[in-house]
Amino acid sequence: MDILNLIKNRRSVRKYSSKKISDEVLYSILEAGRWAPCAGNIQNSRFIVVRDFEKKRQIANACLEQEWIDEASVLVVVCSDTESVKKHYSKKGKMYAIQNTSAAIENMLLCATGFGVGSCWIGAFSENELKDILEITDEIEIHAVISLGYTESPPLPTNRPQQNTIMFFEKWGNKIDKNIAPLNEKIKKKVRRVLGR
Ligand SMILES: Cc1cc2nc3c(=O)[nH]c(=O)nc-3n(C[C@H](O)[C@H](O)[C@H](O)COP(=O)(O)O)c2cc1C
């Protein structure tokens, strides 16, 4: 699958079958997270792998009772040593720490898609509750939970805005791409010629 199709094929999966993810596949997905780009290569991302059902159930409750979460074969709780980033980039540290973990998360979701594994990025959770369940120390932040598992009912694609509603060229608000505009004009002229107008 080419990379754009892979990106377009990723779905947030919230219903999983009982099929387990092999350790080989899981470690490849984690490896994709490790190789994400990272501001200053400071490496603030940490990953807690949870396979134990009872713990998954507790995590599902801590994720504002999203009960479907415990059906996933594996959960990866994505944490951040944000202080290490703030030491280097005081003002921007917080933002970079989040961007670093987000890049790792997206890498893992895409890698999972490539293996035919469904996933969901989960951001709705009580950080305090998750910290208690996983014995995470005070200075570490939790940025996300990722659910991973196989599904027999892949969801339909969700909507995305049209390119021309979210993209500008050369300056804010300019929707005309000067590389494409002459081409559009050429096509319009051709259409007018064909239609005899
Ligand atoms: C930061 C973030 C937080 C999210 N939190 C949740 C969540 O708590 N529960 C959930 O079911 N989906 C969550 N999602 C998934 C989004 O709902 C989903 O990506 C969006 O609806 C688009 O659907 P798609 O991923 O299938 O393309 C989250 C996604 C992101 C990026």
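This is a guided tour of a predicted model, going from its nonpolar cores to its ligand and then to single residues.

Because the model is predicted, local features are described at pLDDT of at least 70 and side-chain atom pairs at pLDDT 80 or more, while totals for chains, interfaces and linings use all residues. Residues are numbered from 1 along each chain as its sequence is written, and side-chain values use heavy atoms, with hydrogens and water left out.

**The cores**

Begin by selecting Ile-59, Val-77, Leu-130 and Val-145, which touch the most other members of the largest nonpolar core, a set of 23 residues. A nonpolar core here is a set of buried Ala, Val, Leu, Ile, Met, Phe, Trp, Tyr and Cys residues joined through side-chain atoms within 4.5 Å; buried means under 20% relative accessible area, exposed over 50%, and partly exposed in between, with a 1.4 Å probe and protein chains only. Two or more residues of this core come from each of α3 (53-62), β2 (74-80), β3 (118-122), α6 (127-134) and β4 (141-149). Helices (H or I, at least four residues) and strands (E, at least two) are DSSP runs, numbered from the N terminus.

Next, centre the view on Val-77 and display its contacts, meaning heavy atoms within 4.5 Å. Residues up to four places away in sequence aside, Val-77 touches Arg-46, Phe-47, Ile-48, Val-50, Ile-59, Leu-134, Ile-142, Ala-144 and Val-145. A second, separate core holds 17 residues, among them Ile-105, Leu-109, Ala-112 and Ile-146. In soluble globular proteins, nonpolar side chains tend to be buried together.

**The ligand**

Now select the ligand and the 13 residues that surround it, of which Arg-10, Ser-12, Arg-14, Gln-66 and Arg-160 are the closest; a residue is near a molecule if one of its heavy atoms lies within 4 Å of it. This shell divides into 5 nonpolar, 4 polar and 4 charged residues, where Ala, Val, Leu, Ile, Met, Phe, Trp, Tyr, Cys and Pro count as nonpolar, Asp, Glu, Lys and Arg as charged, and the others, Gly among them, as polar.

From the backbone, an N or O atom of Gly-123 lies 2.9 Å from a nitrogen atom of the ligand. Taken alone, the ligand exposes 620 Å², and the protein buries 64% of that, by the Shrake-Rupley method with a 1.4 Å probe; for residues, only the protein chains shown count as cover.

Stay with Arg-160, which lies in the loop between β4 and α7 and counts as exposed because its relative accessible area is 56%. The side chains of Arg-160 and Thr-158 are joined by a polar contact of 2.8 Å, that is, a pair of N or O atoms within 3.5 Å; within protein, one must be able to donate a hydrogen and the other to accept it, and residues adjacent in sequence count only if both atoms are side-chain atoms.

**Single residues**

Move to Glu-141 in strand β4, which counts as buried because its relative accessibility is 18%. The side chain of Glu-141 makes a polar contact of 2.8 Å with that of His-143, and, residues up to four places away in sequence not counted, Glu-141 touches Val-78, Cys-79, Ser-80, Thr-82, Lys-94 and Glu-127.

Then select Gly-93, found in helix α5 (residues 93-114) and buried, with a relative accessible area of 0%. Beyond four places in sequence, Gly-93 touches Val-85 and Lys-86.

In the loop between α4 (82-88) and α5, select Tyr-89, which is partly exposed at 29% relative accessibility. With neighbours within four places left aside, Tyr-89 is in contact with Ala-39, Gly-40, Ile-42 and Tyr-96; the C-alpha atoms of Tyr-89 and Gly-40 are separated by 9.1 Å, although the two residues are 49 residues apart along the chain.

Finish with backbone angles. Asn-41, in the loop between α2 (23-34) and β1 (45-50), has a positive phi of about 50 degrees although it is not a glycine, and is exposed at 54% relative accessibility. Leu-64, in the loop between α3 and β2, likewise has a positive phi of about 50 degrees without being a glycine, and its relative accessible area of 58% makes Leu-64 exposed.
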